[in-house]
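Before the details are taken up one by one, please look over the sequence and the model shown here. The paragraphs that follow go from the whole chain to a single sheet, and then to a few individual residues.

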Amino acid sequence: HWTYKKLNTKLLNISKVILSSTGWEHPAIVALSEVENREVLELLTKRTALKSVDYKIIHKESPDHRGIDVAILYDSNQFYPLLYKHYPLLNKEGVVEATREILYVSGITNGQDTIHLFVNHWPSRYSGLLGKRTKRNSAAKLLRQKVDDLFERYTSPKIIIVGDFNDQPADESMLKFLKANEVSEKLLNTELYNLSFNWSNEKNGTLKYQMQWSVFDQIIISGILLKSTKGMGAKPENATIINSPFLLERDERYGGLKPKRTFYGFTYKGGFSDHLPVLLKLNK
């Protein structure tokens with residue numbers, strides 16, 4: 001039951017989140033999930049306040065049966081893409097699964113540093129945790145394979161992995177198969193570190209189900225970004241959940257706060273999203 005008014009409200013809400021997320025500077029790169037099609041991205045970048053930024057789009061229709069995709073917006077004055085690919089998830093018979101592909105983009109930021117970016121939206125828990133766990137593990141194995149390919153091809157690639165993983169940092173897909181570990185004192189250039197590991201507590205997360213907050217939306221980087229003394233680098237404290245007050249509302253049923261959603265079931269509420277966005281600030 002979408003209407004022009006509902007769509008326009010959603011576009012304005014999303015643009016407000018993007019422009020307010022980083023303070024005075026707009027984000028150089030925006031990763032999006034649950035994107036209906038390219039047209040809504042064109043509307044977002046051309047018919048909202050985002051039109052003041054020279055955002056370009058990387059998107060393709062995925063094999064997802066609901067028609068929701070991942071995509072990237074990038075400021076062409078700050079990021080120059082060199083290559084992008086979409087990696088589909090295959091089943092044991094080699095047939096493409098009807099789910100989102102993993103989007104890979106490599107490019108140069110600030111004219112000096114190459115960044116390798118993976119955008120994810122792994123199979124959901126909608127039909128039950130156990131039913132989709134195998135598919136999320138398969139997605140983790142596929143992503144790890146692509147990461148290992150970069151580690152073999154480059155000396156110390158600067159890798160950033162983001163998205164909605166439908167699993168938490170300590171789940172087996174993240175720890176056992178993707179091998180995204182908690183940040184420790186001993187950092188290795190060619191290991192993955194999950195900057196979202198310590199986000200989860202009873203009053204914090206990126207989405208809420210009844211009383212329980214979860215961290216499904218995560219930021220993972222390669223060790224070289226934490227150790228870098230040249231070009232772009234990162235610090236664990238610069239990976240955060242954006243929990244601006246306007247994104248939240250009081251949870252009358254379970255207490256505390258919850259994300260202000262666009263829909264609750266089939267009831268239109270005109271909010272922002274059922275997930276909170278996450279942010280990584282890189283140091284120059």
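The protein chain exposes about 15000 Å², of which carbon and sulfur atoms supply 51%, with accessible areas computed by the Shrake-Rupley method with a 1.4 Å probe and, for residues, with only the protein chains shown counting as cover. This is a predicted model, in which local features need pLDDT of at least 70 and side-chain atom pairs count only at pLDDT 80 or more, while totals for chains, interfaces and linings use all residues. Residues are numbered from 1 along each chain as its sequence is written, and side-chain values use heavy atoms, with hydrogens and water left out.

The protein chain has five helices and 18 strands, where helices (H or I, at least four residues) and strands (E, at least two) are DSSP runs numbered from the N terminus. The radius of gyration of the protein chain is 18 Å, close to the 19 Å that the globule rule gives for 284 residues, so the chain is as compact as a globular protein of that length; the radius is taken over C-alpha atoms, and the rule is 2.2 Å times the number of residues to the power 0.38. Taken along the principal axes, the box that the C-alpha atoms fill is roughly 50 × 45 × 40 Å. Of the 284 residues in the protein chain, 47% are buried, a term that means under 20% relative accessible area, with exposed meaning over 50% and partly exposed in between (1.4 Å probe, protein chains only).

Among the contacts (heavy atoms within 4.5 Å) in the protein chain with a separation of 6 or more, 64% are between residues 24 or more positions apart. As for charge, the mean positions of the 40 positive and 31 negative charges of the protein chain are 2 Å apart; here Lys and Arg count as positive and Asp and Glu as negative, with His and the chain ends not counted, and each charge is placed at NZ of Lys, CZ of Arg, CG of Asp or CD of Glu.

Seven strands form an open sheet of mixed pairing, in the order β4-β5-β6-β7-β12-β9-β8, and its edge strands, each of which pairs on one side only, are β4 (79-87) and β8 (180-181). Two strands are taken to pair if DSSP finds at least two bridges between them. Strands of a sheet pair through backbone hydrogen bonds, either parallel or antiparallel.

How many of the six residues of β12 (residues 217-222) are buried? Six of the six are, so β12 is largely enclosed by the rest of the structure; D217, I219 and I221 point one way from the strand and Q218, I220 and S222 the other way.

Some loop residues deserve a separate look. Most residues other than glycine have a negative phi. N110, although not a glycine, has a positive phi of about 55°; this residue is found in the loop between β5 and β6 (113-121), a hairpin with three residues between the strands, and at 33% relative accessibility N110 counts as partly exposed. Q210, another residue other than glycine, has a positive phi near 55°; Q210 is placed in the loop between β10 (207-209) and β11 (212-214) and, at 41% relative accessibility, is partly exposed.
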